[in-house]
Amino acid sequence: MAQIGHNISLPERARRIRRHALRMGEVQGQGYIAQALGIADVLAVAYFHATSYRPEDPEWEGRDRFLLSIGHYAIALYAALIEAKIIPEDELETYGTDDSRLPMSGMAAYTPGMEITGGSLGHGLGIAVGMSLALKRKGSRSFVYNLFSDGELDEGSTWEAAMSAGSYKLDNLIGIVDVNQMQADGPSLGVLNFEPLGPKFEAFGWFVQRVDGNDIDALVDAFDKARQHPHPQPRMIICDTKMAKGVPFLEARERNHFLRVEPQEWAEAIRIIDAGVTA
Amino acid sequence: MRRSKYERPAHLIGNAERPRLTTSAMIASIAGADQPTRPAPFGHALSALAEKDDRVVGLSADLAKYTDLHVFRAAHPDRFYQMGMAEQLLMMSAAGMAREGLQPWLTTYAVFASRRAYDFICLAIAEEMLDVKIVCALPGLTTGYGPSHQATEDIAMFRGMPNLTIIDPCDASEIEQVVPAIAAHRGPVYMRLLRGNVPLVLEEYGYRFELGKAKLLRDGRDTLIISSGLMTMRALEAAGELRKNGVDAGVLHVPTIKPLDEATILAECARQGRLVVVAENHTVIGGLGEAVAASLMRSAVRPAAFRQIGLPDAFLEAGALPTLHDMYGISTTKIVTRIKEWLDE
């Protein structure tokens with residue numbers, strides 16, 4: 001369990017993560033802000049309910065590993081790492097600028113708390129398999145989480161990893177797939193149909209749950225069950241999320257993989273988030 | 001060059017020009033009939049390394065038996081990971097293990113590591129300077145199975161990958177030395193593997209492998225052959241044959257392709273009046289030959305002439321290895337012939 005801030009509710013954590021992300025988005029004027037708003041509830045539960053870590057020592061051996069396979073979601077993870085006090089809050093104004101520790105696409109060498117270099121999509125789950133095998137070899141009780149996207153279900157390497165995780169019965173591996181139904185070229189199911197998704201992972205030997213990824217109570221329950229599942233198999237939490245969740249005028253945009261937001265709209269979005277308007 | 005698939009074999013229509021050899025089995029040795037060899041030097045060296053270093057684990061993609069890793073698997077079964085016929089996963093999982101402090105040694109064929117898994121080596125391993133050793137059998141033209149198995153361009157591809165060290169050893173004794181040497185180097189390494197009964201060639205030259213060093217095995221006044229991998233074996237044989245013809249040929253062995261020992265290469269090439277020949281088991285595009293040529297150009301070092309012996313820029317044919325090595329000019333006989341021709345020009 002997280003060691004800090006037990007007095008702050010998970011919805012409040014999610015609100016703050018959205019706020020940090022919007023402030024970073026404002027620095028660039030555009031970006032993967034819809035994904036960040038959509039995944040904020042998952043990250044709030046991951047970082048403030050499910051995982052163990054030490055903010056002052058991001059490489060603490062006993063931590064749970066949280067891998068961001070989707071490098072372009074870096075803005076979302078930075079927001080969570082800022083909220084977790086692994087990254088100082090004042091660094092968010094450097095997002096995506098020269099000499100920043102917060103590049104547009106997540107890289108392990110740049111950022112404390114960033115476990116892997118994502119962004120060449122389809123890498124995370126396989127790296128997680130190797131880390132899970134190695135942690136077992138070391139006798140570690142840590143979990144490896146890999147956050148990836150519905151778009152990455154198109155990558156064959158994802159399925160190589162899924163099959164091996166089932167084959168090795170990796171009960172210390174928890175996959176989280178963000179099904180936000182939006183890829184670069186349009187709605188995910190229109191790019192390639194990956195449904196029925198749950199049965200696919202079940203057929204590969206995984207314990208699968210599918211939840212509303214913007215329902216914090218449901219996420220808490222799913223993360224708990226994933227950790228406590230008694231059978232020797234990898235665990236998958238399929239999270240159906242809403243792009244741009246929490247900012248209705250951004251939710252309404254049809255093509256929101258890479259959002260362009262007008263200067264005055266950032267303040268409006270932050271005002272909506274601060275008011276706790278969740279549409 | 002390739003016959004039409006609608007044309008029947010020459011010998012069946014009474015038109016054969018030479019005896020027919022059979023395609024050797026995939027695991028056949030490249031050793032000559034009377035050459036001393038050692039079995040599976042990589043597998044034994046890695047097993048010995050693992051005795052001393054708990055971090056060492058072995059991974060393969062359904063090719064342990066064909067990459068000599070079965071020796072390691074038998075010696076250390078609890079440290080062997082079968083990743084299935086999935087080279088992308090092989091690279092990703094090795095990256096994950098290295099992140100957790102293990103030293104993964106993975107094996108597959110050179111074609112699969114280079115062509116299929118390049119992105120996974122590049123981003124998951126090399127970009128993070130992770131301590132993963134990638135050991136790949138069937139480099140260049142060492143199988144008669146055709147382009148699906150012939151890694152004729154692996155070095156060209158891997159030379160462009162930052163952080164990656166590239167090793168092309170010549171014989172069994174060198175492989176035995178390379179294993180502990182690259183284990184001590186913290187970072188990703190790509191090693192071309194000679195597997196099975198691997199010839200013993202270098203011991204008589206008092207040779208010691210040093211990471212990043214080219215070594216002069218034999219000096220010569222008329223020509224210098226710069227070579228790596230099994231072509232060093234061929235170069236030494238060719239030099240012996242040339243001597244009988246009154247040609248004095250030196251051999252500079254360059255087992256570390258990257259980083260290249262330019263200082264030694266340039267010093268040797270600066271000696272006046274010699275034909276410099278680079279011999280490699282690789283396409284003439286993007287390998288050792290072009291690396292040496294570029295180095296010479298940058299440094300304004302001009303040998304009397306510069307020539308390349310290597311595989312053509314083509315998808316090669318299937319068949320028996322000796323036939324193919326002759327056809328593509330990397331057999332000892334062909335090296336001797338061509339060097340004599342070049343010296344006569």
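The structure is a predicted model, in which local features need pLDDT of at least 70 and side-chain atom pairs count only at pLDDT 80 or more, while totals for chains, interfaces and linings use all residues. Residues are numbered from 1 along each chain as its sequence is written, and chains are lettered from A and ligands numbered from 1 in the order in which they are written.

We can begin with the sheet. In chain A, five strands form an open sheet in the order β2-β3-β4-β6-β5, with parallel pairing. Strands (E, at least two residues) and helices (H or I, at least four) are DSSP runs numbered from the N terminus, and two strands pair if DSSP finds at least two bridges between them. At the edges stand β2 (65–68) and β5 (207–212) of chain A, each with a single partner strand, so one side of each has no neighbour in the sheet. On average, neighbouring strands are turned by 20° against each other, direction ignored. Within the sheet, β4 (residues 173–179) and β6 (residues 235–240) of chain A run parallel and are joined by six bridges; one of the residues involved, Val179(A), has Asp240(A) as its bridge partner in β6(A). Helix α8 (residues 216–228) of chain A lies across β4, β5 and β6 of chain A, at about 170° to β5(A). Such angles run from 0 to 180 degrees between N-to-C directions, with axes fitted to C-alpha atoms, for helices over the stretch in contact.

Turning to the chain contact, 21 residues come from chain B and 19 residues from chain A. Residues are in contact if their C-beta atoms, placed from the backbone, lie within 7 Å. On the chain B side, α3(B) gives the most, with nine residues.

Chain B itself is divided into domain 1 (37–199) and domain 2 (212–344), with bounds from an automatic or database domain assignment. Their centres, taken over C-alpha atoms, are separated by 26 Å. The contact between them takes 25 residues from domain 1 of chain B and 28 residues from domain 2 of chain B.

Finally, the largest nonpolar core has 197 residues, and among the members that touch the most others are Ala21(A), Ala36(A) and Ala76(A). Such a core is a set of buried Ala, Val, Leu, Ile, Met, Phe, Trp, Tyr and Cys residues joined through C-beta atoms within 7 Å, where buried means that 20 or more other C-beta atoms lie within 10 Å of a residue's own. Helix α2 (residues 33–50) of chain A gives the most to this core, with 14 residues.

Note on methods. Contact = placed C-beta atoms within 7 Å. Buried ≥ 20, exposed ≤ 12 C-beta atoms within 10 Å, placed from the backbone.
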